[in-house]
Amino acid sequence: MSEVHSLDTHDDLDTHDDAAWWRQAAVYQIYPRSFADATGDGIGDVAGILSRVDYLAELGIDAVWLSPFYPSALADGGYDVDDYRDVDPRLGTLDDFDAMVDALHERGIKVIIDIVPNHTSNRHEWFQEALAAGRGSAARDRYIFREGTGPDGSQPPTDWVSVFGGPAWERVDDGQWYFHNFATEQPDLNWDNPEVREDFLTTLRFWSDRGVDGFRIDVAHMLTKDLSEPLPSSAELALLPQDGTHPLIDRDEVHEIYAEWRTVFDSYDPPRTAVAEAWVSTPERRAKYASAEGLGQAFNFDLLVADFDAAEFRRIIADNLAQATLSGSSTTWVLSNHDVTRHATRYGLPALDGRAVKQGVEWVRAGGPAADLDREQGRRRAEAATMLLLGLPGSTYLYQGEELGLHEVAEITPEQRQDPAFFRGAEFDGFGRDGCRVPLPWSADGSSFGFGADGAHLPQPAWFADYAVDVEAADPASTLSLYRKALRLRRSLQTDERLEWRETDRDDVLRFARPNGWQVVTNFGTEPFDLGSDADAVVLTTQPLRDGVLPGEATAWLRA
Ligand code: BGC
């Protein structure tokens, strides 16, 4: 029996029209400091992005999402923002930014930027004012300051642990403590403060006025808090349900903020879009962030923690398409981003305790033993999984370098590491996220593999030469060539938001059809899968067909 997933309200939607462009977009994430360095200081910059606009256009993506490019001390890779309405001088100027947006728009590429509303940096003028103004001041009320505990207040208000590890409170000179969910340099804002709310509306307008098409909202589920006394201990906190009433995570009233933001987004033509980074407990709670009255779309991270397994993929696909129907939004597919081990590497490692999840972190922790990583298996599976995703209804977020089949870099010494999660010993990702943030290889030769004229801010290993853009562009069988072909074809594949499963006689083979005649077949197993007479309809495969047979760990796109 086949199952049909469709969106009642959007079956006939023209997903290429301007207001709905985001519903089925292929969005390419740029981590600006590691993309391309035009100024030659080892750090990627806006002019570097501008110099690679042709590459982005040739790739065939619909939009770019830029991770933070704002002034920052880089205590957390730029997610510690000093000024939300400027460009870091090391990355360029606002004029450079405008030129980049114009050039991308000229090629039909939309621009999404990252907004970091949960915390500022400790160098932000508001935090500096808060330190100077002292307890009880209006300046301190923009943040979360509390008295300490113990006879002299020398103990933190609670024993809470930050997401990156270590204490979540820091004491300032006059003895008060401030709350930081992430690094010490990232004080959390107080979203009950009207000035904070108003200022972010100004920021959204500032960038929308400059032509930005959409926003990615960092930790969208953490902004509002209930810190009324008595505060629970971390053990108590861990037991509290995340049902809208948890003191720190996914509180119901956070949606009042996004309803306000929506009025700003909708005051533009076409309306500005947004996608929430929201790690919440259920699909229903995620759907709230994706509602048309709120941010409109939310990341689905299920595949970041899934094995390369047909049953697991099918469940996740079905659940998320159902969830999209619930919110009226479209779903999002993600296999890699700047926070996780690259998927080519995850898929090339032996399972740990029977599960593939998290083995990437353990592998890096062990120094990245070459013997454990099967690079070819990783690449085969990564290509198969990505081509499956690109054939699904919804938008797909691609992370820079994955179009090269790039692997995680484990060869980074503690002295070279930058990630606060590494230094603070985060439980979720103890070895940090630097390995997926190493500057891209553009050429097999030359300084920093063509990234820039004077080195790279994270070390690039010698094997990067094999994955360089110039090498792959010249090879029709490369991952880059595959992405280019798939992204071009995808435009005619994504004409509606429906999918119909087609049963196969194999548990390890998934097959689905789109109403416009396209079909996607993914073989998760190692045994070849016979496509029979349908082999004639194949237009793209990740591995060459052999006499009409799809090899193991491969995806085929068919068109009737
Ligand atoms: C971003 C991370 C960042 C954190 C704090 C996240 O979810 O993706 O890179 O460290 O928010 O801003």
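Phe 449 counts as buried, at 13% relative accessibility, because residues under 20% relative accessible area are placed in that class. This description rests on a predicted model. The backbone at Phe 449 also deserves attention, for its phi is positive, about 50°, although Phe 449 is not a glycine. Phe 449 is found in the loop between H14 and H15.

The residue Ser 448 has a place in the loop between helix H14, residues 420-423, and helix H15, residues 469-473. Ser 448 likewise has a positive phi, of about 40°, and is not a glycine. With a relative accessibility of 11%, Ser 448 counts as buried.

From these residues we may turn to the chain as a whole. How many helices and strands does the chain contain? There are 16 helices and 19 strands. Along its principal axes, the C-alpha trace spans about 80 × 55 × 50 Å.

Burial can also be considered for the chain as a whole. Of the 560 residues, 62% are buried. Contacts between residues at least 6 apart in sequence tell of the fold in another way: 68% of them join residues at least 24 apart. The accessible surface of the chain comes to about 20,600 Å², and carbon and sulfur atoms account for 50% of this area. As for charge, the chain has 51 positive side chains and 97 negative ones. The centres of these two sets lie 2 Å apart.

S4 comprises residues 110-115, and six of its six residues are buried. In a regular strand, side chains alternate between the two faces of the sheet. In S4, Lys 110, Ile 112 and Asp 114 point one way, while Val 111, Ile 113 and Ile 115 point the other way. Residues on both sides of S4 are buried, Lys 110 and Asp 114 among them. Strand S3, residues 63-66, pairs with S4 in the parallel sense over four bridges. Within this pairing, Trp 65 stands opposite Ile 112.

A further group of strands shows antiparallel pairing. Three strands form an open sheet in the order S5-S7-S6. Which strands stand at the edges of this sheet? They are S5, residues 145-146, and S6, residues 169-171; each has a single partner strand, so one side of each is left without a neighbour in the sheet. S5 pairs with strand S7, residues 177-179, in the antiparallel sense over two bridges. The bridge partner of Arg 146 in S7 is Trp 177.

Pro 230 is found in the loop between strand S8, residues 214-217, and helix H7, residues 234-239. Another cis peptide bond joins Asp 269 and Pro 270, where omega is about -5°. The place of Pro 270 is in the loop between helix H8, residues 254-265, and strand S9, residues 273-276.

Note on methods
Residues are numbered from 1 along each chain as its sequence is written. This is a predicted model: local features need pLDDT of at least 70, side-chain atom pairs count only at pLDDT 80 or more; totals for chains, interfaces and linings use all residues. Side-chain values use heavy atoms; hydrogens and water are left out. Buried means under 20% relative accessible area, exposed over 50%, partly exposed in between (1.4 Å probe, protein chains only). Contact means heavy atoms within 4.5 Å. Accessible areas come from the Shrake-Rupley method with a 1.4 Å probe; for residues, only the protein chains shown count as cover. Lys and Arg count as positive and Asp and Glu as negative; His and the chain ends are not counted. The place of a charge is taken as NZ of Lys, CZ of Arg, CG of Asp or CD of Glu. Two strands pair if DSSP finds at least two bridges between them.
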